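Me: Could you take a close look at the helix packing in this model for me, and then move on to the aromatic rings?

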Amino acid sequence: MLDGRPIRIRHHADGDGMCASVPTQTALENFAARVYGDPSATQHTIKRLPSKAPFYETEDVVRDLNYALEDRERRGQRMPLLLMLDNGSTAEDVPAYRTLSQYDVPIVAVDHHHPDPDAVAPWLDAHVNPYLEGEDYAVTTGMLCVELARMIDPDLTDDLEHVPAIAGLSDRSDAAAMTDYLALAKEAGYDEDGLEDVGEALDYAAFQLRYNDGRHLVDDLLDLGGDSERHRELISLLAERAERDNERQLDATLPHTEREDLPNGAACFRVDLEEYAHRFTYPPPGKTTGKIHDRKVAEEGEPVITIGYGPDFAVLRSDGVRLDIPQTVAELTDELPGAGVSGGGHLVVGSIKFVKGKRETVLERLVEKLGDADLDEQLGSAAVAGFED
Ligand code: MN
């Protein structure tokens, strides 16, 4: 079934998503070169495509389908295998999957976002997700895919020792395995602060690259390009820029961030990003909300919820509160007909979309629900999974 099929890798365009997709792509290329005895065999057959949203958007699937059909026509290629990485586990992906199902396109998802297993099962040929095995987001996609890459090409093992640690730091994993991953990276010559910078630099580059996979640049950022000196220079440059832009965004937004004490004892911070954030520049709304949230947690301690909102979206970050954002979104959709509510993400981190005219109603009801949520000292911080456009 897979013989001679091109592969399209769709991945979340963030640090963890790149730690997942770059090693997988390299391993697949090496494998194909071995099988075909020709390194150029992979030129048109294995492609990596970043996705801004944490789900498979219609715009992306239509574009992918178009290219696949053109390649079939022009080069006589088979329809591709679609590999969804750090993405693809939720009901929001189903419309795209339905579209693809009109054609012969097998789909495999490797992801750690909170899944809707029943919704996606009919469309997936394989679904790897820690939630399906009693684990959670803390096992990030980058960690999973480094293992996948090593299975496909064991020779990559030594080059990838620092990558799971970068993935975990980028998505704020509190997995027990993080200690081992950090130790492994340290042995390979990477300390934790440096790896944090790599995560920041990857996020920054992903934002600037937009729809481009930035193949060789990203290789250098991950220190997989073979020139460690250049890697270090690039990381310090980009991490510095990201830091400067983050500070600029915090200077603009913090004075307009309003505090409210919720009935359950959590502090809720709200900021209008449309009015008070720099727009269409780094950091985007999801990341901006995350930075404000981190600052508030550092100042106040948990439990804290932060909402960054625009005309038709809200991004949520929380610590120390037992939220179920996918469930909250489902309730809001039911309770507020005509508000156009949709969204999702991780349990305690996510984003919600709605129609502009219903913003006040949606935000009001949302905050009501957040104020009813149980507090949980055990729950840690999770990854930014919001709409970052
Ligand atoms: Mn991730």
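Reply: Happy to! Start with helix α1 (residues 15–36) and helix α5 (residues 141–152), whose axes come within 8 Å and cross at roughly 10°. Helices here are DSSP runs of H or I with at least four residues, numbered from the N terminus; axes are lines fitted to C-alpha atoms over the stretch in contact, with angles from 0 to 180 degrees between N-to-C directions. The two helices are therefore roughly parallel (under 35 degrees). This is a predicted model: local features need pLDDT of at least 70 and side-chain atom pairs pLDDT 80 or more, while totals for chains, interfaces and linings use all residues. Residues are numbered from 1 along each chain as its sequence is written, and side-chain values use heavy atoms, without hydrogens or water.

In contact (heavy atoms within 4.5 Å), α1 brings residues including D16, P23, L28, F31 and R34 to meet α5 residues, among them T141, C145, V146 and I152. By class, this contact has eleven nonpolar, three polar and two charged residues.

Now the rings: the whole structure holds three aromatic pairs (Phe, Tyr or Trp ring centres within 6.5 Å, using the six-membered ring of Trp). F207 and Y282 pair edge-to-face (planes over 60 degrees apart), at 5.6 Å centre to centre and 65° between the planes. F207 lies in helix α8 (residues 192–209) and Y282 in the loop between α11 (273–276) and α12 (285–300), 75 residues apart. Both F207 and Y282 are buried (under 20% relative accessible area, 1.4 Å probe, protein chains only).

Conventions
Rings of Phe, Tyr and Trp (its six-membered ring) pair if their centres lie within 6.5 Å; planes under 30 degrees apart count as stacked, over 60 as edge-to-face and the rest as tilted. Buried means under 20% relative accessible area, exposed over 50%, partly exposed in between (1.4 Å probe, protein chains only). Angles under 35 degrees count as roughly parallel, over 145 as roughly antiparallel, 65 to 115 as roughly perpendicular and the rest as oblique. Ala, Val, Leu, Ile, Met, Phe, Trp, Tyr, Cys and Pro count as nonpolar, Asp, Glu, Lys and Arg as charged, and the others, Gly among them, as polar.
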